[in-house]
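Take a moment with the model before reading on. The paragraphs below lead through it step by step.

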Amino acid sequence: MGRWGYFGYFKPSRPRAVKGGIRAQSKGGKFGESWWAKRWISVLESFNIGARLGRGRSYARSGQVLSIETDKGRVRAKVQGSRPKPYEVAIQVMALSSTDWQKVVRELSKQAIFTAKLLAGEMPQDIEKVFKDARLSVFPEKLKDLKTECSCPDWSNPCKHIAAVYYLLGEEFDRDPFLIFKLRGMSRDELLGLLGQGDRKSLPKGRKSKVALLPEEDEISPPGEPLTADIPAFWGGLKLPESLFGEVRIPPVSAALPKRLGNFPFWRGETKFLEAMEAIYPPAAAHGLDLFLGAFSPGSMQKEILSEKPENTFLKKRKGGISPL
Amino acid sequence: MIVFHAGMIEGQMILWGETPVGPHLVPARPPRRKQNKKGKIIPAEVFPYDAGREGLQTALLEAGVGFPFKGKSFAEMIAWLPTTNNTPVPSSPLIADPPQSDGKTTFSPWAITGFPLSSEQALEFLCASMGKQTLAPGIIVGKDLEFWTLAARLAGSLVAKQQFLPGLAKDHETYAACWKPVFSGDDRQRLTELARAMPEVSRALLPLEKNAALPQEGPSFPSSLSAVTLFVEKMADCLIRKSAALFDSKRIYADPASYSSLHDQWIEALRLPHGAMAGDGAELERLASQIRDWQRPIMASAVTPFRLCFRLEEPGDNGKTTETSENGPDSWYVRYLLQDIHDPSLLLPAAEAWQGQESLKAAKKKKTVSPLLRDGFQPQEYLLLSLGQASGICPRIEGSLKTSAPPGYELDAIGAHDFLTEKAQVLEQAGFGVMLPAWWTRKGTKLRLTVRANVKSPKMKGGSGLSLEEIVQVDWDVALGDTKLTLAELRELARLKAPLVKFRGQWVQMNAEEIQEALEFWKKNAQDKAPVRQILQMALGAAHTPGPIAFEGVTATGWIGDFLKELEGKTPFQELPVPAEFQGTLRPYQIRGYSWIGFLRKWGLGACLADDIGLGKTIQTLALIQRDWQKEAKGPVLLLCPMSVVGNWQKEASRFTPDLPVMVHHGLDRAKGDEFQKKAVRQAMVISSYALLHRDFETFQQVSWSGVVLDEAQNIKNPETKQAKAARAISAEYRLALTGTPVENNVGDLWSIMEFLNPGFLGTQTEFKKKFFVPIQTGSDPEAIGRLKRLTQPFLLRRLKTDRAIITDLPEKMEMKVFCTLTKEQASLYEAVVKEALRSLDKSEGIQRKGVILATLSKLKQVCNHPAQFLRDNSPIPDRSGKLARLTEMAEEIIAVGDRALVFSQFAEMGEILKRHLQETFGKEVLFLHGAIPKAKRDRMIEHFQTEGDGPSVFVLSLKAGGTGLNLTRASHVFHFDRWWNPAVENQATDRVFRIGQTKNVQVHKFVCAGTLEEKIDEMIERKKEIAAKVIGTGEGWLTELSTAELKDLFALRKEAIGE
C-alpha cells in the first residue's frame, strides 16, 4: 500500500471482481477447523507479514483465487488481482528425502492408528511426534522449508495473493490430510503402499501397489448375462423373503453422508456446499418414505404432517355399558 | 383382459401388455422379418398376444393412469421369450394355454408394442400398482411389474434413509449431474436379493435397431443385478431431483455462462429435471474426478464384499473364536470381525485380515484359501479405513489402534453399558455391523425396572350393574421382573451405581437416573384414581401411562380383575344359555362365539366376529339378538350388509328366530322418516344395505338402536368412505362387525373397523398412523405389531375351519343354502319370460306344452344366473347379477384364506362367464372344465388344481362334464351356482371333493334366488324329501306334470326377490 501511497490520486488497489473463483467455505473466523489445518496456517502467520494476512483472507473469501493445482512438492495457483491478467502464484514445499520417508514409514506402521486415521480422512494426533523423533517435521517450519513466488508487483513475499492461496490450502487440508504428504513429496498411493508393507516386508520393491478401493466409474461395464430361467421363473421370478426391507426410517441427523465426507474440495459455488445439501436431504427423505409406503404421487408432492394432539376419545363417557343382561 | 408387463431398456421402463387372442381374432399385423446388415435374418414375428397400442391405451385409462398419449408414445420393440413349437409361451393361462411342447424351449425374438415411461411416470405407475393384483377388473399386474414395485420401494427406502450422494454421470461425451444411492451393508444384500428373484422377462427386451444388428452368438442382455441397480439409481435420482426441484423455470434453460462457476452449475443441475451440464470437456472431467475423490471414503466401503462388524462379548463368554485369551474373568470384550455381505453368517476375526495380502496369498498355496481373497478385496486396508472411521465414533476403538494389529478391545461394565446404549446404535447407523448379546433389546435389558398398577375393585352395589365408568383406586408398584421392590430395596439398588448388574443370573440395566425417577414416581403417584375404562386401556397397553418408567401392566382383583382376565382370554368367560325360542342348535364353538359377543355387549364394548366363511357368523348373531329381545328389548338392532345378502339374512332369521319381528328396509317404496321410526321400533331387527346406510342416514338416526351389526364389515375398511363415516355415526348401545376376511392381517384396514367398534380406542387416525401403521410398515419398531395385536385381540374373534377345536365340532360335510336377490334388470327379464310362457301355455298341449315348460324353466334359470347368459349378447358382466355378486364376495374370502373351491353350473355359457369374471376380478387363473375339453387336457387341469402351492383357487365345472369320475379333494368349498332339481345329481357332483383323501371339512353352498322359481322348487323338494326320489326320478320331467295353475304359482315372482 505504501508503495502506491506516494501518488496522491492512486487509490489503494482493489481487485477485479471475479465470478466462479474458489471460495472459502468456513464461516468467518478461522480457516480450517482441524488442528493440522491450523498448524499449516500458523506457519504462514509466523512470517509476520502484517496486513497482507487480512487481505489474503478476504481474497480467499471473495473468490479471487481462480484455480489451485497441487502436485508433489508444489502448488500452482492463479489469483485475480487488480490487473486484468491474473497473477501466477507458486508455492514450493521442501520434500523429504526417500531415506527420511523410510524412517517415518517404519515408525508409522507400528501403530494401526496412523493409517486408519489417515484413510478415514484425519491426521493422527501423534504424527508430529513420530516425525520429530526422526528429527523431521510434518509441516514446513522455517522459511527455508517453503519457497513462494508471485507474479504481482508487490515486493513483499509472501504477498496477499500467496496468503490467499495458503489459506485455501488450509481448508483443503481439513478434508484431505494426505495433501501435506503430497506437498512433502509422497503421494497418497505411494504412502499407503509403503505403509501396507510396513514391517511385513513381503511386498516386492518397485512394484506399484494397488490401493484403489473404488474402481473408476468408466471401468464398470456390466457383462451381459444370457436368459436361462425355466418358464415359471422367466415370467414369475423367484420368491423373496417376507421382510426384505428391514427398518426404514428417516435419520435424525440430515445429510449425514455429505457431512461425513466434509466440504467439497476447492469449492467455487456461491452457495455453501453443505448448506445446499442440508436443504435438499430432508424433503427428499420424506418423499422417499412416501414412495416406500406406496403413498407417493408425483402430481401432488404435498407431505402430510403427522402431528396432532392426542385425544383419548375412548375415555369419553358414553351411554350403555350398564345393561344387566 | 390385459396382463401388464414392465421391462427395462438401459434404465428406462417399458410398459407392455399381453391380451388373450379370441378364436375370432388373428394377429393384427402380418409377421415381419427383419434383415440385418450382414444379411442374417432375425425372425421377429409379431407376438400374437401383444396388447398393441390401443390395448395399452385403453387399459391405462381404465386403470385411472392419465398419461398423455401421442403417436410417438409407443414404440415397437423386441422381447426374447420362451418359445416352443415356434409359438411363444404366454406368461399365464389367463392369456392362453401354453403351446404343446416339442420337448425343447428356446428363446426367440417377438415384436411387441412398448410404452416407454419417463422416470416420473414409472414412479407414478409403480405406486399405483404397489401391492395390487389387479388395477381394475381385467387389468392384471404381471409378476415382473410387481417385481419393479418392490425395486421402487427399495429406492424409496434408500432415499428415506438418506443413503445417497450427489454425483456426475458421464454418458459418452456428455455429463449430467445426478444423485446416486449408496448401497451399504444390508442394503447391498437387499439389492442382490432382489436381483436374484427378478423375473427374467424384465431384462429380455431389446430396442428394434439393436435386435436388427445382433452378433452371431445371439443377443446379450444386462445381468439382473445391473438392471436392478440401474433402475434403483434412476428412481432415486428422479425422486430426489423432483423433491429438490427448482420452481424458477427461467433458470432451467440458463446459459452455462451465466453461472459463476462449474460448481454453481452442478448444484443447480442437481435440482433440474434433466441435470445436463454444459462446459469445457476437460473442466467437466476434472469436476468428475474431484467428485470421485470426494465420494471415495463412502463409496469405497459400499462396494467391498465384507463389512466391519463389532461383537460385544460378556465376561466369561468363551466366544466362538479361538483367541479369547484377551477376556479376563470380569471384563467385557468388543471383537472386530469381518462379515461377508452376501453370507452374514460368515464372520472372520480381524487377525486374518491383519496377516496382510501376501501372507493370505502364501496361505493360499497351502490350499487353505481365505475367503477374504476375493474380487480384489484389500482386507487390511479396508479394515484400517473402517476402524479409522469408527474410531471417530468410539474413542476406545482409537485406543485399540495403538498396536499394529488389534483384534478388538477390552472394556468394563460401564464401558459395556455405554456400548450397548449408545455406541452400538451410532456404529450401526454409520453402516457397521453390530452384534449384541441376546438379553439386550432396543429398550434395554430384557429384565428391567417397571411399574405396575394395582387395582382393587370396589364392592358391588346391590342391584345396579357394573360399569366401565366406575372410578376406582389405583396403587402403583415398582418391580424388577416379577419381583416387587420395596422402597428400601430400591434405595439399596440406587447405591450400587453400576450400570449393569447381574441379578439372579441375568443382566439388568441399572440406570441411576431411572432409579431416581422410580423413587420419585413412587412418592408422587403411589395412589391414584381412574375410571375402569382407563384401567382397561392401560391393561391392554393403549393408554399413556404416567411417569417415565416402563409400564408393565395392571394387576386387578375383584370384578375388575375378572373382567380383565376374561377380556384378555386368560380365563374362559361364562357361557350363556341359548334361548329356548331359538330354532336351531348351536355347535359348541358357536356357543362360545355367541357368549363372547354377549360378554362384550354387556360392557358396551364392540366386537368383531371374524370366523372363517361357513362357520356360522349369522346364527351366532341371531342367537344374540334373540336373547337380547327376550331379556329387555330396548330397541331394534340395525343390521347392515351388502345388497346381495339381504335376502339371506331374512331367510335365516325366519328359519332360526321365527318369532322375532324382522323388517327389511330396501326398495323404492321403503318407509322414510316418522313412518320408518314407527315401524322400526316394533322390530327386533331391521335389515338394510350399505348403499342405503348413507342415503337414509337421517332416517336411521331417528331410531334408538340397541345395536348396530355390520355384515361383511370389510366394506368399511376405508375410513374415508361415506358408508364408513355413516356407520361410525350411528349411535347404538353395542356394535358388532362380522367379516370372513382376515382383517387383522391388514394394519391399514384395522383402524376403521376398530373405530366403528370402540371409538377412540386406537387413537385418532393420525395417531394410529404414527404409532402403528408407519412403524409396522417401515419395520422401525419391531414391537409395534405385538402391541397392536394385544390391543385389538380382545375385540376380535377369528376361528378357522382348520382349528383343532373347531374341526371336532364340525361335520365332515355341511350343506347350506345361499339366498340371493335379483337385480332390477334380472327381475324385469324374469317377468317378461313368465308373461311370454303363460301366453304360450294357454295355446299348447301335450308334448308341445311339455316343451314350453322345459324351455321356460331353462330360460328362468338363465335369467337368475345372469342377464348376459340369457341374452347371449356378449354384454358386460359386472353388477348385473345378484348371484354373481354373492359368489364373488364369497370367493374373495376363500381366496384370502388360501382355500380352494369348485363351482358347478349346468350351463357351459355360464361357466365361461364365471371363469372370465373371476379371472378378471382376482387376476388369477380360474380353471373351467366342460364337455368339449379333451381327456388329456382335463387330466392336466385336475393335476394343476390338485398340486400343492400356488395353483388356481377356483375350478368351474359344468355339471355334466364334472359330475362324475373326478377326484378334486383339494377343494374345501363346493358351490352350486344354479340348481339341477335333482338332489342325486347334485350330491354326485359334491362328492368330487368328498372322496378318499379329503382331509378337510367340506362346505356346500347351494345358490338360490329368493322369491323365484328356484326357491319354490327348492321348497317343494324339501317338503317331499322322502318321496322326492321316487317322484322326481332323475330329471326335471316331473315339473312338466304340474297344472297350469301350479305352474303360474311356481313362476310368479315374489316381491322379496328384487334387490336394488
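What follows moves from confidence to domains and then to helix packing.

This is a predicted model, in which local features need pLDDT of at least 70, side-chain atom pairs count only at pLDDT 80 or more, and totals for chains, interfaces and linings use all residues. Residues are numbered from 1 along each chain as its sequence is written, while chains are lettered from A and ligands numbered from 1 in the order in which they are written.

Start with confidence. The model scores ipTM 0.74 and pTM 0.75. Two stretches call for care. Residues 23-41 of chain B stay under 50 in pLDDT. So do residues 318-326 of chain B. Where pLDDT is low, predicted coordinates should not be read in detail.

Now the domains, whose bounds come from an automatic or database domain assignment. Chain A is divided into domain 1 (15-197) and domain 2 (250-298). Their C-alpha centres lie 30 Å apart. Domain 1 of chain A brings 13 residues to the contact, and domain 2 of chain A brings eight residues. Residues are in contact if their C-beta atoms, placed from the backbone, lie within 7 Å. On the domain 1 side, helix 7 (residues 160-175) of chain A gives the most, with four residues.

Chain B is divided into domain 1 (2-239), domain 2 (304-437), domain 3 (449-567), domain 4 (588-807) and domain 5 (814-1057). The C-alpha centres of domain 1 and domain 4 of chain B are separated by 45 Å.

Next, the helices of chain B. Helices are DSSP runs (H or I, at least four residues), numbered from the N terminus. Axes are lines fitted to C-alpha atoms over the stretch in contact, and angles run from 0 to 180 degrees between N-to-C directions.

Look at helix 29 (residues 824-843) and helix 30 (residues 846-865) of chain B. Their axes come within 10 Å and cross at roughly 180 degrees. The two helices are therefore roughly antiparallel (an angle over 145 degrees) to each other. B:L829 and B:V833 are among the residues of helix 29 in this contact, and B:V852 and B:L860 are among those of helix 30.

Helix 2 (residues 119-129) and helix 6 (residues 224-243) of chain B pack at about 100 degrees, with axes 9 Å apart. That makes them roughly perpendicular (65 to 115 degrees). Helix 2 of chain B contributes B:S119, B:E120 and B:L123.

Methods:
Parallel < 35°, antiparallel > 145°, perpendicular 65-115°, else oblique. Contact = placed C-beta atoms within 7 Å. pLDDT = per-residue confidence, 0-100.
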